[in-house]
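Have the model open while you read.

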Amino acid sequence: MTANLVLDINLATDEQIGANGISLRDLEELAPRVKQLHAELQEKRRTKVLPFFDLPTDTAASEAAKAIAADLSKSYDNLLVLGIGGSSLGAKALFSGLCHPLHNLLPKEKRGGMRLFFPDNADPVTFSGILDAVDLEKTAVAAITKSGGTAETWSQMLVLRERYARLGEGAFDQRVVAVTDPEKGALRRVATKAGWRTLPVPPAVGGRFSVLTAVGLLPAAAAGIDVDGLLAGAADMVRRCESDDLFQNPAYLAAAVLYLMDTKKGRRIDVFMPYADALRETSDWFVQLWAESLGKTKDVGPTPIRAVGATDQHSLVQLLMEGPNDKFTTFVRVDAPNVDLPLSKGWEDQGDVAYLGGHSMHELLNVEHQATAAALAQAGRPSMTIRLPRLDAHGMGQLLMLWEIATAFAGPLYGVNPFDQPGVEAGKKFIGGLLGRAGYERYKSELEQRSPKPDWVV
Ligand code: PA5
């Protein structure tokens, strides 16, 4: 029996926190738009314009990813997961959310999967550090780029190609799996020519909505994550979100609260604060999803901030509590821990310590969440809380799908297209120009014309 994720918006309402909260009326006034946007989204789902809704039930795709992962696991211990942005953040969220915190350090029989490494950035310090630590003979490579042409990912491929060549002919070709567009792009062309194994990224699934394609599923399965449980959790969330009633649909309700907080209450900054270290990377994933999908015009673009409880109680929370009253916090807490540690009774003559004995570490973490949310509410600072019954594959599937649907819904609510990223593409043109890419010469000239003044460089 699997339990449902719960969204609690009490501390976002005027009933609980006064004038800074939203009212039942605010939500009810949105109802006609919700119904209309729901009909539009469902039509796009039906006509396959938005296939991300149906990824959880695409068994052929998940079986293909699982089969390749199983095959790699037989021959190799490590998987280098090359990719950036939407081609990395989802898999990282799954890895840190669902694997042992020190997965890569555990012996094989305890890990239950391959070691995963995410170089992500084109930073030679990180990448060479990883290459220092892994034995390439025992290492496979997942090259993940939906467009097939991302510079950071290709930079890593170019380094690896040369390193694997030292292991002998064909060493690289045997070890690479390309995850990319089924037809287009440089990676597809190279993979086809070299005869690499490949997995497709459905063209109509945007990078940041692709965690439940092979982009996330291949690394997840390789690490030993319960891919079927993950997809079942996501499918359950899709079903819950088939309702056009705001009060039955947790994704729409979450998006509506954030939208109203922004547009009616001047809260353009969205803090995402799970009380679980394992969800740190999920905060990163959320930040990309929310920022890249909604930051589209000079007037639209809530600013997401990542945090983690209780660590940020000793950092960001002072600002949330007493700084400018322009933020909204979404907490995530886990009800039943996978692991807990009882706190023994000790140092009972010390008031600062004595009250902790007899409780548990998980209890402390959750009480800290409750206390922080209550203190914020008392100061008239709104928040909402997502409660995961457990931090397991099913819960994670629900959480990720909740935010994908919330984002798909928030886009049209704000009047922007959440599925493109023209701002990211603009920067890529200048990269091509600066590094001498054929056909990109004019971008280099454009940059050169800017002629910065030496006086302003100190
Ligand atoms: O969400 C997106 O579309 C982007 O963040 C991309 O995922 C990112 O730019 C990487 O692109 P690609 O997968 O084509 O390498």
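This is a predicted model: local features need pLDDT of at least 70, side-chain atom pairs count only at pLDDT 80 or more; totals for chains, interfaces and linings use all residues.

First, the bounds. The domain assignment puts 6-43 together with 231-414 in domain 1, while domain 2 covers 52-227. Taken over C-alpha atoms, the centres of the two domains are 30 Å apart.

On to where they meet. Domain 1 brings 26 residues into contact with 22 residues of domain 2. Interface size is often expressed as the accessible area that is lost when the parts come together. Here domain 1 and domain 2 bury about 2200 Å² between them, and 70% of that is on carbon and sulfur atoms.

As for polar links, four residue pairs are in polar contact between domain 1 and domain 2, counting pairs with both residues at pLDDT 80 or more. On the side of domain 1 that touches domain 2, the elements giving two or more residues are helix 2 (24-46), helix 11 (227-240), helix 13 (280-294) and helix 17 (393-414). By class, that side of domain 1 has 15 nonpolar, five polar and six charged residues.

**Around Arg 208 and Trp 285**

Arg 208 and Glu 292 pair up through their side chains in a salt bridge, at 2.9 Å from N to O. Arg 208 also turns up among the residues that Trp 285 touches.

Trp 285 is part of helix 13. Is Trp 285 buried or exposed? Its relative accessibility is 2%, so Trp 285 counts as buried. Leaving out residues up to four places away in sequence, Trp 285 touches Leu 89, Gly 90, Ala 93, Arg 208, Val 211, Leu 400, Trp 403 and Glu 404. Take Val 211 from that list: 74 residues along the chain from Trp 285, yet the C-alpha atoms of the two are separated by 9.7 Å.

**Salt bridges elsewhere**

Zooming out, a search of the whole structure comes up with 27 salt bridges. Some of them are set out here.

| Pair | N to O distance |
|---|---|
| Lys 92 and Asp 120 | 3.0 Å |
| Glu 446 and Arg 442 | 3.5 Å |
| Glu 448 and Lys 444 | 3.6 Å |

Start with the side chains of Lys 92 and Asp 120, which meet in a salt bridge. Lys 92 sits in helix 4 (residues 89-98) and Asp 120 in the loop between strand 3 (115-117) and helix 6 (124-133), so this pair ties together parts 28 residues apart in sequence. Lys 92 and Asp 120 are both buried.

Then there is helix 19 (residues 441-448), where Glu 446 and Arg 442 are four residues apart and hence separated by about one helical turn. Glu 446 is partly exposed, at 35% relative accessibility, and Arg 442 is exposed, with a relative accessible area of 52%.

Glu 448 and Lys 444 are also in helix 19, again four residues apart, about one turn of the helix. In this pair Glu 448 counts as exposed at 52% relative accessibility, whereas Lys 444 is partly exposed at 35%.

Finally, one group goes beyond a simple pair: which residues are linked in a network of salt bridges? They are Arg 25, Asp 26, Glu 29 and Lys 264.

Methods: Residues are numbered from 1 along each chain as its sequence is written. Side-chain values use heavy atoms; hydrogens and water are left out. Domain bounds come from an automatic or database domain assignment. Contact means heavy atoms within 4.5 Å. Buried area is the accessible area (1.4 Å probe) that two parts lose on being put together, summed over both. A salt bridge is a side-chain nitrogen of Lys or Arg within 4 Å of a carboxyl oxygen of Asp or Glu. A polar contact is a pair of N or O atoms within 3.5 Å; within protein, one must be able to donate a hydrogen and the other to accept it, and residues adjacent in sequence count only if both atoms are side-chain atoms. Ala, Val, Leu, Ile, Met, Phe, Trp, Tyr, Cys and Pro count as nonpolar, Asp, Glu, Lys and Arg as charged, and the others, Gly among them, as polar. Buried means under 20% relative accessible area, exposed over 50%, partly exposed in between (1.4 Å probe, protein chains only).
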